[in-house]
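This briefing is for a reader meeting the structure for the first time. It covers a surface patch, aromatic pairs and charges over rings, in that order.

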Amino acid sequence: MGSIEEESPLIEEGLISQEPKLYAQDGSVDLHGNPPLKEKTGNWKACPFILGNECCERLAYYGIAGNLITYLTTKLHQGNVSAARNVTTWQGTCYLTPLIGAVLADAYWGRYWTIACFSGIYFIGMSALTLSASVPALKPAECIGGFCPSATPAQYAMFFGGLYLIALGTGGIKPCVSSFGADQFDDTDSRERVKKASFFNWFYFSINIGALVSSSLLVWIQENRGWGLGFGIPTVFMGLAIASFFFGTPLYRFQKPGGSPITRISQVVVASFRKSTLKVPEDATLLYETQDKNSAIAGSRKIEHTDDCQYLDKAAVISEEESKTGDFSNSWRLCTVTQVEELKILIRMFPIWASGIIFSAVYAQMSTMFVQQGRAMDCKIGSFQLPPAALGTFDTASVIIWVPLYDRFIVPLARRFTGVDKGFTEIQRMGVGLFVSVLCMAAAAIVEIIRLHMANELGLVESGAPVPISVLWQIPQYFILGAAEVFYFIGQLEFFYDQSPDAMRSLCSALALLTNALGNYLSSLILTLVTYFTTRNGEEGWISDNLNTGHLDYYFWLLAGLSLVNMGVYFFSAARYKQKKASSL
């Protein structure tokens, strides 16, 4: 990844020329707190360290997450539904904790130090997990014949303690690292803005390089060479991720924390309520705003006034008393237009944000029900026994193929039709991803229909034996899911960075990640409800421990239907979305 600067994507060609400036104009500072010199800081020269960090950290994460359901079922002896619920609950928590890291980054520590501190917590969790699978006293007992003894409380505590320390550690990394990478590009420079759009593509590419190693090599090591080694290797790579991040420190550009975003949002709500009887002037220039070039929020540009949610504008109305005294210092009574617009932006983002919940529920199937479906198929490729979780490699390969295709060919082609420098707007790109996710669930359902039909024909329903249909039949659903990721998840990353207020970028990145958490929790809820309603009256249910007697295809069709409805709601909301308009610093 160190050669990205030389291999600048085609998207960077043909830009509008502008006079280059020596220093970044977006409010960032260098390591010493001075305006950063463009020639020596940021841009692609700083990105290899950030991309290397993300690649190694994601290898560590997916080294645990990718095959976790197998560990829970074969080592902790949990059932299919219980194990799937534990996986999705943990993964959901991994995407919930970023709210903690985001608030700390935006309000107090900044993105750099938040990443640094939480990386340490992450590493401790990885080490604890490795010990739980290596030390004999901490390892769950093996099955003896048909009897599988339960793990002891101490073994559970060590394993799940390490697992949830990882969830806490990732909470400080995930909302900050993509934003920190994007901070390396000056938002006031048209050339660097387009490079920033390309950065998000390569950022996601780096994630999937790490995931590729995890879903292939590490999965095989875990199932054939032992879980201690299988967890130990990701721990080493987490150490490398931390080292890569610190090596790039002299080259980074840093954005100053702007104070608590939660406090600013609360101030707007309280101030607008206190001034509920005041009338908003028709002339928006009469609303309160600082006269300085910069906004009152550290490191943030001013945001232009918009006409929606006018009730909130009352927070920026100057009362007669404030006009007489000239005291505009109480932010719980009077807020700037920029502060009010921050809250309006969050409100406008909400319908777009909500679309990610169903999409993430679909994505969660890759590490849960796709794996279980694969375990009920023929996993032999010649003399080689392919772990079902290794099929995630094809999702990763799909992303690795689609990212350069998108960046080098689709963008220039789309630009001719849309007139957008990036080819598609973030909203258009996400819409394509939602459509492709419907196709993914349909493909999974069709494979399951074929598998169940063969199980019936061969009399394997009651025995629960794997059906002699190659697990490679799952490749299309993984490949389609990878294409959906490239369009939706990368578009989502870019959308929540570009459209968020400057001083809320970590928070908005965390809100985007929250859709993954809610998607995983929704997947757990759907599993629970499906199991409850389909096992009444003594029925086997759609998802039983013996999948040959169930109807996993119905479950996949249910998710396809929910995705289709989600796509319709998204298109309706996207057509009415208003873009953020920020002034230059």
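Phe 479 is found in helix α14 (residues 475-498), where helices (H or I, at least four residues) are DSSP runs numbered from the N terminus. The model is predicted, so local features need pLDDT of at least 70 and side-chain atom pairs count only at pLDDT 80 or more, while totals for chains, interfaces and linings use all residues. Residues are numbered from 1 along each chain as its sequence is written, and side-chain values use heavy atoms, with hydrogens and water left out.

**Nonpolar surface patch**
- Phe 479 counts as partly exposed at 33% relative accessibility; buried means under 20% relative accessible area, exposed means over 50%, and partly exposed lies in between (1.4 Å probe, protein chains only).
- Together with Ile 401, Leu 405 and Phe 409, Phe 479 makes a nonpolar surface patch of about 360 Å², with areas from the Shrake-Rupley method.
- Such a patch is made of residues with over 30% relative accessible area and no salt bridge, with nonpolar side chains (Val, Leu, Ile, Met, Phe, Trp, Tyr) joined within 5 Å; a salt bridge is a side-chain nitrogen of Lys or Arg within 4 Å of a carboxyl oxygen of Asp or Glu.
- Helix α12 (residues 392-418) gives the most to this patch, with three residues.

**Aromatic pairs**
- The structure holds 46 aromatic pairs, for which rings of Phe, Tyr and Trp (its six-membered ring) need centres within 6.5 Å, and planes under 30 degrees apart count as stacked, over 60 as edge-to-face and the rest as tilted.
- The pair of Tyr 71 and Phe 231 is tilted, because the ring centres are 5.5 Å apart and the planes stand at 50 degrees.
- This pair links distant parts of the chain, since Tyr 71 lies in helix α2 (residues 68-74) and Phe 231 in helix α7 (residues 227-247), 160 residues apart.
- Tyr 71 is buried, with a relative accessible area of 3%, and Phe 231 is also buried, at 1%.
- Tyr 112 and Phe 246 form an edge-to-face pair, with 6.3 Å from centre to centre and 80 degrees between the planes.
- Because Tyr 112 lies in helix α4 (residues 98-132) and Phe 246 in helix α7, their pair ties together parts that are 134 residues apart in sequence.
- Tyr 112 is buried at 7% relative accessibility, whereas Phe 246 is partly exposed at 36%.
- Ring pairs link Tyr 112 and Phe 246 into a cluster with Trp 113, Phe 180, Phe 245, Tyr 252 and Phe 254.

**Charges over rings**
- Arg 58 lies over the face of Tyr 62, at 5.5 Å from the ring centre, where a charge sits over a ring if NZ of Lys or CZ of Arg is within 6 Å of the ring centre and within 35 degrees of the ring normal.
- Arg 429 lies over the face of Tyr 406, at 3.7 Å from the ring centre.

Notes
Helix = DSSP H or I, 4+ residues; strand = E, 2+ residues; numbered from the N terminus. Patch = residues over 30% accessible without salt bridge, like charges linked within 9 Å, V, L, I, M, F, W, Y side chains within 5 Å. Areas by Shrake-Rupley, 256 points an atom, 1.4 Å probe, with all protein chains shown as cover.
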